[in-house]
Amino acid sequence: MLERFLPAAASYAGDVDQLVWLVTILVGFWFIAAEAMFFWLIFKFRAKEGVKAQYITGKEKHLKQWINIPHGLVLLFDVFIIIAAIRVWVHIKQTLPPPDRTIQVTAQQWAWTFTDPGADDSLGTADDVHTTDQLHVEVDKTYHFKLESKDVLHSFFIPAFRMKQDAVPGRIYTGWFKPTQTGDYDILCAEICGIGHGVMGAKLVVETAEERAAWLQAHAPVVEEVASTEDVATDGASTDSTSAAAGQQ
Amino acid sequence: MSNQHDAHDHHAGAHAHHDEGWFKKYFWSTDHKIIGFQYMFTGMLLALVGAFMAYVFRMQLAFPGQAVPGWGLVSPGQYNMLITNHGSIMIFWVAMPVLIAGFGNYIIPLMIGADDMVFPRLNRLSYQLFFISVLLLIASLLVQNGGFGGAWTAYPPLSANKDFNLTPLGSTLWLLAVAVEFVAFLLGGINFIVTAMNARAPGMKAFDVPIVVWTIVIASILFMASVGPLVAGAVMLLFDQTLGTSFFNPNKGGDPILWQHLFWFFGHPEVYVVLLPAMGIVAEVMTVFARKKLFAYKTVIYTIIATGVLSFFVWAHHQFVAGIDPRMANVFTVTTVLISIPIAEMCFVYIATLYGGSIRLTTPMLWALAFMAEFMLGGVTGIYLGSSGADIFFHDTYFVVAHFHYTFFPIAIIAVMSGVTYWFPKMFGRHLNEFWGKVHFWGTIIPFNGIFIPLFILGAAGEHRRIFDYHSFPHLATPELQAMRVFATVSLVVMLAFQPVFIVNYLVSMFRGKKADKNPWKANTLEWTADSPPPHGNWPELPNCYRGPYEYSVEGRELDYWPQNEKA
């Protein structure tokens, strides 16, 4: 279903899509069965000249089965759905596979700021690359992201990854993803965050190791400058000014 | 549950003679029917305001950046204000007053055979507070810097801090309006519960009470039990806004997620607070027009109670990805998916009620059947959102919007229309025009699906909520998705174009419609034994009750109905 509209570009995107299919089949069955029965009864028992309605209390055994058996089946289907939903949830939200790289994602009214660990793969060092409104990640690598917000609630939403997480001021949330398909995707803010909510987006670029290396090269900060600046996240906005301007239009 | 006789003797005398002025009769009345009308008409007028807001922001979505006829250009701030107040108005100032307060006031005393509510003056106070809340709400839209635009859920820090939301006065007045309104409904709800428990007609046992009365009483209990935390939260948020406290301010030790728990601890039971009365109205209409006893009356009552109890244990499914402990999601997935058990049972029972019936497709019956047909889609799509793994994707997308409109529209519009057309002859002593009633029905139902089916698809494509213009998001700005937005908007305009049919039909029929006798639908419940319309005090002599409300087509009887007050 979802894959009709969206590429499945992360390792767990397929799990979510499968779950959506499972739910669709199980509840779709009940929906169609109930609606079909409903309209058939309306047609079958429409008022006819000289035909009186029957007196049925609902205590008749042979009629009660029509409620009780479907009811038991609904319960059974519910159990399937719950197990499948929890399995996907635990995989995406409750497990943290060991990371190949850790990035930092900061939300604020109304922009996304990303910190890439740079060539040394560790955050907080001088070669960190700060970008606004553009995130570059390498395909087939497991990423951890440290998500935080500077002001109000935001929500880090990458539809192509089937991933969403609210950013809460005062907390740092650690999540993960593993991109599996190169290309450009949307990053959205899914939580209303003020008048700029409608323009708060960013571009996600999933690229090969070589492309990322080239990108890092081009964006590597001049070490002396960054080392003297405390609040790099804000100043980092200027390091990728072209994309920032594009995102705001 | 006892002493019904005493209460009746006392009231019957007190209300016998009344000849007051126009103002006292319609604006200062303690008559439950007039108070019901006050709630109902206020709610319906506000529904027009909410509908106009929907028109403006849907036009903006379909034709972004173009002036909307009747409004002009829509700024991002205005857009947020419109969606916020559309949601708040439709839930708090339309669904609640019309369904619970409106119908509850009008039909509970009539259906249980009482001459009025047990606390008539408390009832009047309830409406007066509600009216003040309406004034506060309207004021919040008109003050400097505009109305509140932080979504009807009002999550802090956005809602708490004027530097973030830019609407200092608008957000405070909005919050005050919500708080005052809840006090009003609390007073009304207490009245419903006490009245239904103590003022029933002699002989009317608990299981002789019509389903709609049960549903309104249980909804009132749910409301009473859930609203406390929200009012407390609202006061805390008011203090955060105006006094600089920091209950929800993380920079000073507060916690923004606390508000979400308080809000949804109320907010989810609230869904059932409005759903249950809607299901009740549908039960009355379906039994009358299928000439059938409700299939398994007691089962329905047990499912109502089970739904009510379970609804207190599902709130955090609104917060799966909000930053709560992820392990909590597992518990709430189980409870949320399990709520499908009583709801599915209720739907099965309603469907089974049609079996063996003699179904007349009158206007009220069409609305009631449409409620079932549409609500089932709203019900099953909720399973996607309750399944935590899938909700990671669906949360805050248009899939959610489509899902809850498939529940709330059937509740607040379809079931209300069913009730309004069903009790119209009782309320005004005249019939609505059936032909124009059916024109209005089809002109509403077909476009309704045209609005919200595309939104399911847009949600599946990842379209996120509360965005005034999708141009900033390349994957959502494609011509195909834009075409769906236009389709939804055109459907909305068509639906709104059919609403004057109802308004004119309603007003004309009120004065010129065909005269209705006491019991035009040949129904069993006690309200149909009073005059149409019933006078102040309802009956010259209060009725007794001898049997349950759904004894239709009983074998061996010549008539296919058997009023509750008929001795044999």
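Author: Two strands pair if DSSP finds at least two bridges between them. Please keep in mind throughout that this is a predicted model.

Reader: Good, then which residue in E5(A) does Val105(A) stand opposite?

Author: Val105(A) stands opposite Leu147(A) in that strand, and Ala107(A) likewise has a bridge partner in E5(A), namely Ser149(A).

Reader: How many bridges join E1 to E5 in chain A, and do they run parallel or antiparallel?

Author: Strand E1 (residues 101–108) and strand E5 (residues 143–149) of chain A are joined by seven bridges and run parallel.

Reader: What is the strand order of the whole sheet?

Author: The sheet is open and has five strands of chain A in the order E3-E2-E1-E5-E8, with mixed pairing. Strand E3 (129–132) and strand E8 (173–177) stand at its edges, and because each has a single partner strand, one side of each is left without a neighbour in the sheet. On average, neighbouring strands are turned by 25° against each other, if direction is ignored.

Reader: And how many helices and strands does chain A come to overall?

Author: Chain A comes to seven helices and ten strands. Of its 249 residues, 39% are buried, and among its contacts with a separation of 6 or more, 66% are between residues 24 or more positions apart.

Reader: Changing topic, how many residues does each chain give to the contact between A and B?

Author: Chain A gives 75 residues and chain B gives 83 residues. On the side of chain A, the elements that give two or more residues include helix H2 (13–44), helix H3 (61–94) and strand E9 (183–189), and the largest share, 16 residues, comes from H3(A).

Reader: Which residues touch the most other members of the largest nonpolar core?

Author: That core has 267 residues, and those touching the most other members are Ala95(B), Ile112(B), Val282(B) and Ala412(B). Helix H4 (residues 76–112) of chain B supplies the largest share, 23 residues, while domain 1 (2–94) and domain 2 (101–248) of chain A each contribute at least three residues.

Reader: Last one: what should helix H16 of chain B span at 1.5 Å a residue?

Author: H16(B) has 27 residues (434–460) and should therefore span 39 Å, which agrees with the 39 Å between its end C-alpha atoms. The helix is followed by Gly462(B), whose phi is positive, near 95°.

Terms used:
Residues are numbered from 1 along each chain as its sequence is written. Chains are lettered from A and ligands numbered from 1 in the order in which they are written. This is a predicted model: local features need pLDDT of at least 70, side-chain atom pairs count only at pLDDT 80 or more; totals for chains, interfaces and linings use all residues. Helices (H or I, at least four residues) and strands (E, at least two) are DSSP runs, numbered from the N terminus. The expected span of a helix is 1.5 Å times one less than its number of residues. A nonpolar core is a set of buried Ala, Val, Leu, Ile, Met, Phe, Trp, Tyr and Cys residues joined through C-beta atoms within 7 Å. A residue is buried if 20 or more other C-beta atoms lie within 10 Å of its own, exposed if 12 or fewer, and partly exposed in between; C-beta atoms are placed from the backbone. Domain bounds come from an automatic or database domain assignment. Axes are lines fitted to C-alpha atoms, for helices over the stretch in contact, and angles run from 0 to 180 degrees between N-to-C directions. Two residues are in contact if their C-beta atoms, placed from the backbone, lie within 7 Å.
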